[in-house]
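Trainee: Please take me closely through one part of this model. Then show me what else deserves a look along the chain.

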Amino acid sequence: MICRKCQKIESVYHRVYSGEYLCKKCFMRSIENKTAKTISRYSMIGYGDRVVVGVSGGKDSLSLLYVLKMLFDQHPNNGNELVGITIDEGIKGYRDESLQIVKDFCQQLGVESKVLSYKSLFEVDMDEAMVLRPSEKMSSCSMCGTLRRRAIDIAAETLDADVVATAHNVDDQLQTFMINMLAGDVERIGWIYPEPVKYASGMKKVKPFIEIYEYEIAFYALQREIPFQSEECPYMNESIRTDLREFLNKLERDHPGIKHSAYNSMMKISRVLRSRQSTEGKKCSICRHDSTGDICSVCQTINVLTSNKQI
Ligand code: SF4
Ligand code: ZN
């Protein structure tokens, strides 16, 4: 099949849900253009913004770093700066490979990079947290996700960021939506809406890949020959997210485009819920970070873990 876009080169990718056949160049361009459009539609990044990207070493975050660097280089007069931040969770045998990959890739792109660990910030790492948690009901990924969000916030403050960008994609957001639905945590669905949340500090959080399928980002990383981590986290399978990922992928295989329509429905619900939320003025009574309740989820998690440490 010849590429439907350029009508010249043999296609390498069939976008089943839209019927498009794309050559390597047109496929890569489609991902980069889509990212640029999402950034502009939701006003994610402004002139002169210093953007900190959470880079785990996986295909999504390294691809995001690459695309942002490329877009910034195309518009040097916009005066944007880019910094990669990697959070070391303290998971033996897992994080070391990715730290090296991120370091090398940032060097190759000419992007500043920093590493921050849970241990230095919270005095506990993930391997210890798995022992200290009171029960398996406190899942590895929910603890880890809570600590990572805070670690990235702290890094962003330290690095004087205007914007924090993460590589969440359509699949991540659909999984989060379903987790919140299944847990009865409906209010959290409002946080999925991609309009940037502006925190009291003035910093924005954005997700430029939010309209792209996970497997398209993986294919992009392969086409661009972006090196990414192969090792999987040993605590990954505890999360319901893994089951939902497989379930949604099966649905998409059987009914191409279903993730896309589910994404649109999720956005409508999320938008309504977001319009009822406010972040302004609320601070955690312990750490003074922005919080939706009196005590933020990070302080609640740390309290549970440290109380078990003392016993
Ligand atoms: Fe943390 Fe879960 Fe990711 Fe492992 S898979 S690094 S526990 S969020
Ligand atoms: Zn707190």
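**Strand S4 and its surroundings**

Mentor: Strand S3 (residues 50-54) and S4 run parallel, joined by five bridges. Strands count as paired from at least two DSSP bridges. Val-51 has Leu-82 as its bridge partner in S4. Between the two strands the chain passes through helix H2 (residues 59-74), and this β-α-β crossover is right-handed. Right-handed means a clockwise path from the first strand over the helix to the second, with the strands pointing away from the viewer.

A word on the basis. This is a predicted model, with pLDDT of at least 70 required for local features and 80 or more for side-chain atom pairs, while totals for chains, interfaces and linings use all residues. Residues are numbered from 1 along each chain as written, chains are lettered from A and ligands numbered from 1 in written order, and side-chain values use heavy atoms, without hydrogens and water. Helices (H or I, at least four residues) and strands (E, at least two) are DSSP runs numbered from the N terminus.

Now the other side of S4. Six bridges join S4 to strand S5 (residues 112-117), again in parallel. Gly-84 faces Ser-113 in S5. Ile-87 stands opposite Leu-116 in S5. S4, helix H3 (residues 95-109) and S5 form a right-handed β-α-β unit. Is S4 enclosed or open? Six of the eight residues of S4 (residues 81-88) are buried, so the rest of the structure largely encloses this strand. Buried means under 20% relative accessible area, exposed over 50%, partly exposed in between (1.4 Å probe, protein chains only).

Next, the ligands. Around ligand 1 stand Glu-89, Ile-91, Cys-141, Cys-144, Arg-148, Cys-233, Tyr-235 and Met-236, taking a heavy atom within 4 Å as the limit. That shell has six nonpolar residues, two charged and no polar ones. Here Ala, Val, Leu, Ile, Met, Phe, Trp, Tyr, Cys and Pro count as nonpolar, Asp, Glu, Lys and Arg as charged, the others as polar.

Ideal angles for four tetrahedral donors are 109.5 degrees. Cys-284 is in the loop between helix H10 (258-275) and helix H11 (297-310), and Cys-299 in H11, so the pair ties together parts 15 residues apart in sequence. Cys-284 is buried at 0% relative accessible area. Cys-299 is also buried, at 10%.

Last, two backbone points. Arg-288 is not a glycine, yet has a positive phi of about 70 degrees. Arg-288 sits in the loop between H10 and H11 and is exposed at 52%. Asp-160, also no glycine, has a positive phi near 60 degrees. Asp-160 lies in the loop between helix H6 (140-158) and strand S6 (163-165) and is exposed at 59%.
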